[in-house]
Structures are given as C-alpha cells and as structure tokens.
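Please open the model in a viewer and keep the selection panel at hand.

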Amino acid sequence: MRAALLATFVAAIALTACDRAPPPVQRVDLAEAGPAMPRVMEQSPDTTLASWRVADDGQALHFGNAGADPLLSLACRPGENPPQISVIRHLTALPGQGALLPVIGNGMRSRFMVDATLANGEWRWEAKLPAADPSLDVFTGPRDLTATLPGGGMLEIAGSRLPGEFVTWCRAGGVVRPTVEPEAEEPVS
C-alpha cells in the first residue's frame, strides 16, 4: 500500500512539472564577468644569473636578475617591537587570495602562509613574521634554496651568505654587531 501511494505521489509531481514552462535563460558575457585571473607561469623563471642585492634604503634584500624586477624579497622593519621580516614573492596576486610558499634549503623546509598584499602599486604575495620566527632560519645558511608558489613556478636560488646576514641583522633590531670580540687590553704593570 505504501509503495502504491509513493508511486502515485511521484507521478503527480512529474505531471505537474510537465505543465511548467522552462526557466528563463540568462546570457552572461564573459568579458563582463569580472577581472581575469592572474597569469599562470608556464615555466619557472630562469635564475641562473640571478643574485641577491641590498635595496637602496638597506631595509630589504632582493633576489632577481640584474636590471629586472625582483622575484623574491626579504624586507625588515627593525623599528617594530619585535622586529618584523616580510617574505615577498613578486608575482601577481588578486585581493583576498592566500597561498602556501614552501622554501627548501640549508637542511630545512619552511612553509610561509602568504597573502595577496597591495604595496607600491603592486599586488604581490607576502608573509609578515616576527624576525625571531624559526621558519626564517631556512635563509640563514649559505646553501642553495628553492621557493615554489602554485602557478608561479619554482625559483632556484643560488647559495649566498647575504640572506643569513640580513636575517641576523634584522633580528638584532637593525644593529650591526661585530663578529669578532675586541681583545681586552692587558693591564699595565
């Protein structure tokens, strides 16, 4: 009895649906749908001749090819308490986006949560961290690094002592500390 009642109910719904006009169709022009997605890199940038260079104001370290925009930057804000470091991947990002930027090297794997950030008229990927954050230790050794951003390819970064010195300098609040202790004066007898 229950099965017969269910079959009658389903048939009634099907007949009712047949009497209705199809829903209206709305045309959407894709050019009006909104901003285009950022360009996805088909291959990783060539970094065979790329190197680290200190920014003019001394507050950042840029990695990239000579005469071109940087590909990756470390920026320090030593006056904040505690001092802050930003890891910046210079690649187009859209507002509200977030991604994971793994950096591998020097016997470590660090993963930076980067957000789309507007700075100097550029939407870029940026992670802001306290300078003491241990994940920044990936930059403190002299060996090669790789940094990968989904859709942005992999950066192969040749080993250098500069990122380590920069992170150490920022952690010290922007103060240069001597690497060798001055010798104590011997007392005069």
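What covers the buried residues of α2? The cover includes β1, β2, β3 (72–77) and β4 (84–89), where contact means heavy atoms within 4.5 Å. Helices (H or I, at least four residues) and strands (E, at least two) are DSSP runs, numbered from the N terminus.

The model is predicted: local features need pLDDT of at least 70, side-chain atom pairs count only at pLDDT 80 or more, and totals for chains, interfaces and linings use all residues. Residues are numbered from 1 along each chain as its sequence is written, and side-chain values use heavy atoms, with hydrogens and water left out.

Next, display the aromatic rings. Rings of Phe, Tyr and Trp (its six-membered ring) pair if their centres lie within 6.5 Å; planes under 30 degrees apart count as stacked, over 60 as edge-to-face and the rest as tilted. This rule gives 3 aromatic pairs.

Select Trp52 and Phe63: the ring centres are 5.3 Å apart and the planes stand at 55 degrees, so this pair is tilted. Trp52 lies in strand β1 (residues 51–54) and Phe63 in strand β2 (residues 60–64), 11 residues apart, and the pair thus links distant parts of the chain. Trp52 is buried (under 20% relative accessible area; exposed is over 50%, partly exposed in between; 1.4 Å probe, protein chains only), at 8%. Phe63 is buried at 1%.

Move on to Phe166 and Trp169, whose ring centres are 5.6 Å apart with planes at 35 degrees, so this pair is also tilted. The two residues are 3 apart in helix α2 (residues 162–171), and therefore separated by about one helical turn. Both Phe166 and Trp169 are buried; other buried residues of α2 include Pro163, Gly164 and Val167.
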